[in-house]
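Good morning. Please have a look at it first.

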Amino acid sequence: MKYGFIKVAAAVPAVRVADVEYNVQEIEKLIAMADGDGVELICFPELSLTGYTCQDLFKEKLLLEKSEVGLLRLLDFTRQLDIVCVVGLPVQAGGLLLNCAAVIQGGALLGVVPKTYLPNYNEFYEKRWFASSQDLNDTDIYLAGTPVALSAEPKLFQMGDVKFGVEICEDVWAPIPPSNNLTMAGADIIVNLSASDELIGKHNYLRSLVAQQSARTMSGYVYASSGFGESTQDVVYGGNAMIFENGQLLVEGDRFSFQPQLQTAQIDVERLRTDRHTNSTFINAQRGAHAVIVSAKTPIGKSFELTRAIDPHPFIPAEDMMAETCEEILNIQTAALAKRLIHTHMEHVVLGISGGLDSTLALLVCVRTFDKLGLDRKGIIGVTMPGFGTTDRTHDNASSLMQSLGISQMEISIAKAVQQHFEDIGHDSTIHDATYENSQARERTQILMDLANKCNAIVVGTGDLSELALGWATYNGDHMSMYGVNGGIPKTLIQYLVRYIASLDAFAAVCETLIDIIDTPISPELTPADEEGNIKQKTEDLVGPYELHDFFLYYMLRFGFRPAKIFIMAQRAFGDTYDKETIKKWLTTFCRRFFSQQFKRSCLPDGPKVGSISLSPRGDWRMPSDACSTLWLKECEEL
């Protein structure tokens with residue numbers, strides 16, 4: 001494992017029912033392929049050495065004897081390999097026959113896990129041949145020349161820093177699956193050796209069941225089920241091979257394939273542990289959970305390569321969920337603002353409208369809120385405040401938007417007031433420094449605050465989550481409001497929300513304007529435009545691409561990942577867009593600004609939490625304003 005990633009595989013070999021020698025050969029092929037691909041843990045289907053559908057042949061001594069010989073052969077085959085293999089076979093223990101999983105590595109039999117819940121209905125009559133682990137008294141046996149302690153006590157297998165547990169097919173269908181206790185006792189990953197037949201609608205239920213178990217236990221889940229060769233008489237097996245991580249499907253095989261399958265994925269154990277660490281319900285549920293720990297060697301593996309697909313835009317919903325997610329986000333914002341208005345008995349809001357994305361979204365949220373509350377849109381007071389850097393494009397878009405939406409519209413130039421302020425404090429207006437820029441932002445905020453007092457209104461803030469993370473806001477300027485509706489929404493998501501609203505019939509009149517706002521470069525417009533009147537001061541030229549910063553923000557705050565891990569993930573996600581040096585540059589900028597600008601976040605106005613990340617000092621993110629960034633910046637330097 002490196003950077004928290006462990007490579008696992010769900011294998012579905014070719015099978016001949018009751019032909020152990022053939023089955024072992026096919027299992028060996030997939031083990032060799034997996035080992036060559038850097039897999040550290042591989043799971044095979046239930047009773048994979050003999051075939052699941054042997055039925056009364058499980059009573060035959062020859063089959064049982066050859067199954068043990070097959071296990072011996074696998075032990076010999078893996079003698080020079082580090083990969084941990086989990087295979088299924090029948091095991092005799094005194095007068096009992098058990099449906100078991102054998103865990104092997106480097107020629108050693110690490111342990112045997114018997115199945116707990118045996119189906120005995122419809123086409124499955126396992127109790128005809130097998131006993132449950134619950135029927136087993138603790139006993140010692142010799143299996144493939146190895147002494148094995150068999151018991152019903154749960155077992156965890158430890159590979160270096162990673163622990164995994166085993167359950168078999170029907171176990172996961174039980175009301176209280178063994179994996180519940182195994183994960184509570186510390187298993188990061190569960191492997192399930194299965195033999196589940198195909199019926200109409202069963203696959204979707206099965207996938208949902210395994211996904212839910214992975215999510216409920218916050219674990220990686222490797223599921224391998226019998227395939228084509230098992231189909232016999234009245235049952236058909238599709239060869240399900242699935243790997244989940246905390247409920248998310250990482251990879252899925254091709255059902256009904258006539259060929260063997262090897263599905264691999266990199267499970268992020270650090271990500272799982274972060275979720276567990278921050279989930280007090282999971283922590284409380286661990287009390288009393290226990291398991292026997294069996295040690296395995298840490299697989300040396302090949303040189304590490306991140307092969308897992310990494311979403312470059314983790315805040316952006318999938319296309320098929322876009323409309324539903326955008327509507328949900330807007331409803332959260334609307335409900336939040338509505339509550340504040342009702343509580344404060346306000347029927348007016350004031351907000352600055354710049355013609356940019358953030359203020360546009362805030363305005364649209366205000367319109368939706370007023371419509372839902374049955375309030376006159378004229379109670380929304382939109383203010384354009386042109387300054388030294390305002391361009392015709394943004395000014396005209398702001399004016400057009402307000403007029404089309406039917407709100408109250410005001411225009412107050414800040415140029416004269418700011419120039420007077422420069423004279424008062426002795427600042428040369430030809431010097432376009434922080435004083436030059438921040439004076440404009442604070443003048444705008446003062447205007448909005450004073451207007452709110454005059455109109456018995458509240459100031460609605462427009463700043464977003466990405467700006468808060470970078471501190472890209474003027475302290476007590478655009479940093480301040482009486483309620484910030486966008487504070488939980490990252491910059492990369494805002495354009496999708498605005499585009500969604502533009503697609504709605506109710507906002508058809510402003511569709512063209514909204515699309516042009518989306519296409520306008522992001523800028524605070526605090527320095528003069530160029531000779532052609534176009535935006536000269538572009539935010540992403542100064543602080544870096546927002547898609548990179550939102551990526552860094554997500555993985556640093558959501559999972560606590562260190563810069564080195566975020567760096568390799570960003571290379572994987574953005575390899576075709578940014579080179580390593582560019583990613584390193586902006587990651588360093590992000591870490592530096594994130595730490596140095598915490599003082600602005602420590603006194604944020606209220607605003608709704610929308611997604612899994614919030615920078616509110618009252619809830620999700622409590623960070624000392626004077627925390628040192630030394631460790632993070634040093635690691636960035638060493639990348």
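**The chain as a whole**

The chain has a secondary structure of 20 helices and 22 strands. Keep in mind that this is a predicted model. Along the principal axes, the C-alpha atoms fill a box of roughly 100 × 50 × 45 Å. The chain has 639 residues, and 56% of them count as buried. Now take the contacts between residues at least 6 apart in sequence: 73% of these join residues at least 24 apart.

**Helix packing**

Next, some pairs of helices. Two packed helices are described by the angle between their axes and the distance between the axes. I will give both values for each pair.

Let me begin with α17, residues 563-574, and α18, residues 580-596. These two helices pack at an angle of about 140°, and their axes are 10 Å apart. That angle makes α17 oblique to α18. As for handedness, the crossing of α17 and α18 is right-handed. Which residues make the contact? On the α17 side they are P563, I566, F567, A570 and Q571, and on the α18 side K580, I583, K584, L587 and C591. Sorted by class, the residues of this contact between α17 and α18 are 7 nonpolar, 1 polar and 2 charged.

Helix α18 has another partner, α20, which covers residues 630-637. Here the angle is about 175°, with the axes 10 Å apart. Are α18 and α20 roughly parallel or roughly antiparallel to each other? The cut-off for roughly antiparallel is an angle over 145 degrees, so α18 and α20 are roughly antiparallel. From α18, the residues K584, L587, T588, C591, R592 and F595 meet W632, L633, C636 and E637 of α20. The classes in this contact of α18 with α20 are 6 nonpolar, 1 polar and 3 charged.

The last pair is α5, residues 269-278, with α16, residues 546-559. Their angle is about 55° and their axes are 9 Å apart. That makes α5 and α16 oblique to each other. In α5 the residues involved are R271, T274 and D275, and these meet Y554, Y555, R558 and F559 in α16. By class, the α5 and α16 contact holds 3 nonpolar, 1 polar and 3 charged residues.

Let us stay with α5 for a moment. The buried residues in α5 are V269, R271, L272, T274, D275 and R276. At the start of α5, D268 has a side-chain oxygen within 3.2 Å of the backbone nitrogen of E270.

**Two threonines**

Now for single residues. T369 sits in helix α8, residues 357-373. Its relative accessibility is 0%, so T369 counts as buried. What lies 2.7 Å from a polar atom of the T369 side chain? It is the backbone oxygen of V365. Leaving out residues up to four places away in sequence, T369 touches T334, L337, A338 and L341.

T520 is in a loop, the one between α14 (511-519) and α15 (539-543). With 8% relative accessibility, T520 also counts as buried. The side chains of T520 and R393 are joined by a polar contact of 3.2 Å.

Most residues other than glycine have a negative phi. Two residues here go the other way. M218 is not a glycine, yet has a positive phi of about 50°. M218 lies in the loop between α4 (202-216) and β13 (220-225). Its relative accessibility is 11%, so M218 counts as buried.

The other is N246, with a positive phi near 50° in a residue other than glycine. N246 is in the loop between β14 (241-245) and β15 (248-252). At 25% relative accessibility, N246 counts as partly exposed.

Finally, F388, in the loop between β19 (380-384) and α9 (392-405). F388 has 24% relative accessibility and counts as partly exposed. F388 and Q440 are 52 residues apart along the chain, while their C-alpha atoms are separated by 8.5 Å.

That is the end of my part.

How values were computed:
Residues are numbered from 1 along each chain as its sequence is written. This is a predicted model: local features need pLDDT of at least 70, side-chain atom pairs count only at pLDDT 80 or more; totals for chains, interfaces and linings use all residues. Side-chain values use heavy atoms; hydrogens and water are left out. Axes are lines fitted to C-alpha atoms, for helices over the stretch in contact, and angles run from 0 to 180 degrees between N-to-C directions. Helices (H or I, at least four residues) and strands (E, at least two) are DSSP runs, numbered from the N terminus. Angles under 35 degrees count as roughly parallel, over 145 as roughly antiparallel, 65 to 115 as roughly perpendicular and the rest as oblique. A crossing is left-handed if the near helix is turned anticlockwise from the far one by less than a right angle, and right-handed if clockwise. Contact means heavy atoms within 4.5 Å. Ala, Val, Leu, Ile, Met, Phe, Trp, Tyr, Cys and Pro count as nonpolar, Asp, Glu, Lys and Arg as charged, and the others, Gly among them, as polar. Buried means under 20% relative accessible area, exposed over 50%, partly exposed in between (1.4 Å probe, protein chains only). A polar contact is a pair of N or O atoms within 3.5 Å; within protein, one must be able to donate a hydrogen and the other to accept it, and residues adjacent in sequence count only if both atoms are side-chain atoms.
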